[in-house]
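Student: Could we go through this model together, one question at a time? I would like to see how each answer is reached.

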Amino acid sequence: MLAWTIYLSFAGALVEALLPKGRAGLARVVALVIALAGLLIAIAGFAAGAGQGRNTIIDVAWVPSMGIHYFLAADGISRVLVLLTGLAAVAGVLFSWNVDRRTNEFFAFFLALIGGVYGVFLSFDLFLLFVFYEIAIVPKYFLIAIWGSTRREYAAMKLALYSFVGSAMVLIALLAAYASSGSHSTSLVDLANAGLSTHFQMWAFPLTFVGFGILAGMWPFHTWAPTGHVAAPTAASMLLAGVVMKLGAYGCLRVAMGLFPHGMDPWGFTFFGVGSWRDVFAILAVIGIVYGALVALVQTDFKFVIGYSSVSHMGFVLLGLMTLNQIGLTGAVLQMYSHGVIAGLLFAIVGRMVYDRTHTRQFGELEQMHLLRRLPFAAWAFVIAGIASMGLPGFSGFIAELQVLVGSWHATPWWTVAAGIGIVVGVAYTWRALQKAFFTDIRPTAEDHPKTGWSDLGAITWPEVTAFSLLTGASLIVGVYPRLLLDTIEPAVKTFLAGGAQ
Amino acid sequence: MNYADLFRVTLPETALEIAALLVLVVDLVFMRKAALRTRASVAALLGVVGCISALWLMPGNAMFSIDGTANTALLVTGGWVAAAQVGILVLTGLTLVFLVDAGFTRHVGEYVAIVLMSATGGLIIAGAQDLLVIFVGLELLSLGLYVITAFAKQSGRGAEAAMKYYLFGGMSAAFLLFGFSYLYGLTGSTNLHQVVLGSIASVGSGSPLFYVALVLVAAGLGFKVAAVPFHLWAPDAYEGAPAPAAAFIASVSKVASFALLIGIGMAILHPFGDVRVRVVRMVVFHIGPSPKWFGLAAPWSLLLAVLAAASMTVGNLAALAQISVRRLLAYSAIAHAGYMLLALAYLSSRGAAAILYYILTYGLTTIAAFGVVGVVERATGTDRLDGFLGLNKRNPLLAGVLLVLFLSLAGIPPLVGFWAKFNLFAAVLRVGAGVWPFTLVALAVAFSAVSLYYYLQVLKRAYVMPAADETPIRVHPVTMITLLLIAAAVVVLGCLPDLLQNWIASF
């Protein structure tokens, strides 16, 4: 059943591409219907799969001569991420309700991207996963380059090339694994059981992990993320932060760690206390957390703050992955969900509610505008989203980051302390942004703001309120009752760790 | 020497020659008064019919040899040779279709006739087993190419390109012949297998002349596939030739040349076929230095690997800086040739199928790419990147075709270009599990990431940047249908990669 999320999205993309030009209203409704259908299927699949392990959706030979299967399946991790994709898709459509230039093309690329993302999360054949992963690259490019803002062509090309270089690294490892395993199957399960030599895994693991890690915003390969997020139109930056960065993290988990577990074994020697690839990537993750937070603290562009905060939050995911224990990995998966929802929310507030009305994201100019009075809904929405992003109890981010930190405390206490500093700085940059953008102390003067131009910002529309409620609700429910997702994630993580891989 | 065999083996070639003469007669005798458009359509139609009848007359497995055995074979067909020949005929037919609205010449009859004769040369070298036949076939192929490059007589660029192409071609033919003469002198035979066997027999003496001969042969054939450093003609010829002629040079001539390279490679790297190799290794193990590399295999493999690495590097990096789409396609063709040369350096029967898969799908994609370039050129008067500005507004269908083709060339799944690359690189890694093949494959994959940049430069003009001129571009319906069919084939073959693979394996 979950497979229909993929087919519906691609079919929707095709329909949108064929719609007559100038029928913007129709294009929006079609996109919303497709996204909603995807979300409903994702919820149904999530509910139906509760308490089950991995179940196969479809497994047919695709390219028999090369042992490639069209193998879709879902385990607890996939179900949670598919659910996240459904949420992000619906919210993305709602927050791009005001796109009126080449609307049908916009939603065609949007749905094609969504389809590719669903495909990655559901693929259990390495090859199929790679195909869906690459399908997602091209729509991103066009979404940013055509509908974006600040330095959009540069940012779009940078993102496309970073993604493609990452996938080239993955492809090299994939080809080598395929050629050296000798098994005539590219199914993740078969490849994991193919008994690849430790020597091979030792170099294939870092290659794959970095390849996918580029898209997960791993420091120092994160530089596409802030520029890409800032340039992208609202819906695209929601998707970039919400699900595309998760593609990278998911690839790290499912492919790099699943296929090459021995790549994380100790090298047998230590170099300044670093004794394995696991240590290397854990350190990079911690640097990402702290670096992202510190850089976010000094930005003058509202969207750059959120962009760098994404790098910081994704650091928690990577740190959680490298703990290699039950609680840390569970936290990492939950953090993927949590960051997907919260970052989507933050980008929507900055991009849609504020920027589309004020046409500036500079704090210096926003300070003059007294947005608290003029856009009270946006201000309070950002307060709520900011609290969620800081990781205060009651929201999903709290549970997730707590679990990652506990897991990492078991593995490597000192780096946990450093990551904790990242959280403190996270509170600081969120507060700073909140204060500069909305709660400014500059008093309005009559000559600064003549009465006439005072209320031209436009009211908050129903799609914005709906999508805001959807995403906030999604974070709150999990924050209040985390078992909802944990009951699905934990067994899957346990199987993952026990199997060494799948 | 059984001439009935010769007739049977060369039935498709004969059909093409007859069609070529027929086109000339019809055009010069019956169509003198007709409008140019009608003449072009009739000539193209006759040419396509000639290709189809040649396809229909393809013999199954057949061989023409002096004493009836494979030891003295001159021409063979069947197996992957037949697959390559079918590819040559189909691609020739497709390039002829684009003649219907290309007004670059009034001598359409001659153009079609020369294209058909050139294709005949392509068919011959695909199945040639003898050095002399190879040379004659190559010259037949090449002479036609020089002529059609200069076919737009009003174009100064065309004449310049043809002159460069001809001078380079003449020199490389001389190299090739010189190399062949060494091989004949050293082994006393012009048959490919006898030459290779002779080189293995003389492994003890280790005459350095073999290496000289191989370098000369590689130079001659490297010119045909535009491998670096013998590539200098390609950008000029691609830029100066009329679009249908450029499409023919970029596809059919490449398919034929790579088929020839596969034939030579299989003879050198697998002189006894895959089955008996083990026995031979046992024998050679006792007399030769290394069981794995004997005869010409090691130097040939090394030569091709060097050409491959150079072509990938230069082709991809030079393409980054191009502002003319035709030159961009030329440099990307050099890069693609590099990928295929890599597979030729580490050849197996699986690799041969992978190279055929690659060159056939690449040829198909390139023909359509030149079709689009030709249309845009006629509408805007230029093949510069800026000519593609706002193509999405001016003709969405054409822009869609361009999107599919260029993404396929860049190797984005699920389009056919991706499978071609995957197949090719997997075949290389399956043969040579060592540091060098792996490094070269890694280089190739890395460069295909680079290539996305220049393909996106064109697509960016078509989709993202604002149009300078928004008047719609009209396309001849036949051209449009052909382009759409090719784009559909690129998508369908990409989604079902087994179709073409099984088809190649079925010969």
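Student: In chain A, what percentage of the contacts with a separation of 6 or more comes from residues 24 or more positions apart?
Tutor: This is a predicted model, in which local features need pLDDT of at least 70 and side-chain atom pairs count only at pLDDT 80 or more, while totals for chains, interfaces and linings use all residues. Residues are numbered from 1 along each chain as its sequence is written, with chains lettered from A and ligands numbered from 1 in the order in which they are written. Two residues are in contact if their C-beta atoms, placed from the backbone, lie within 7 Å. Among the contacts in chain A with a separation of 6 or more, the share from residues 24 or more positions apart is 80%.

Student: What radius of gyration does chain A have?
Tutor: The radius of gyration is taken over C-alpha atoms, and the globule rule is 2.2 Å times the number of residues to the power 0.38. For 502 residues that rule puts a compact globule near 23 Å, and the value for chain A agrees, being 22 Å.

Student: Which helix of chain A gives the largest share of the side that touches chain B?
Tutor: Helices (H or I, at least four residues) and strands (E, at least two) are DSSP runs, numbered from the N terminus. The contact takes 25 residues from chain A and 25 residues from chain B. On the side of chain A, α5 (126-135), α6 (137-147) and α7 (152-181) each supply at least two residues. The largest share, 14 residues, comes from α7(A).

Student: How do α7(A) and α19(B) run relative to each other, roughly parallel or roughly antiparallel?
Tutor: Axes are lines fitted to C-alpha atoms, for helices over the stretch in contact, and angles run from 0 to 180 degrees between N-to-C directions. Here α7(A) and helix α19 (residues 435-463) of chain B pack at about 155°, with their axes 9 Å apart. Angles under 35 degrees count as roughly parallel, over 145 as roughly antiparallel, 65 to 115 as roughly perpendicular and the rest as oblique. The two helices α7(A) and α19(B) are therefore roughly antiparallel.

Student: And how do α5(B) and α11(B) run relative to each other, roughly parallel or roughly antiparallel?
Tutor: Helix α5 (residues 108-127) of chain B and helix α11 (residues 243-269) of chain B have axes 7 Å apart and an angle of about 20°. That makes α5(B) and α11(B) roughly parallel.

Student: Which residues of α5(B) meet α11(B)?
Tutor: On the α11(B) side, the partners are F248(B), V252(B), S253(B), A256(B), A259(B) and L260(B). From α5(B), the residues that meet them are V115(B), A119(B), G122(B), I125(B) and A126(B).
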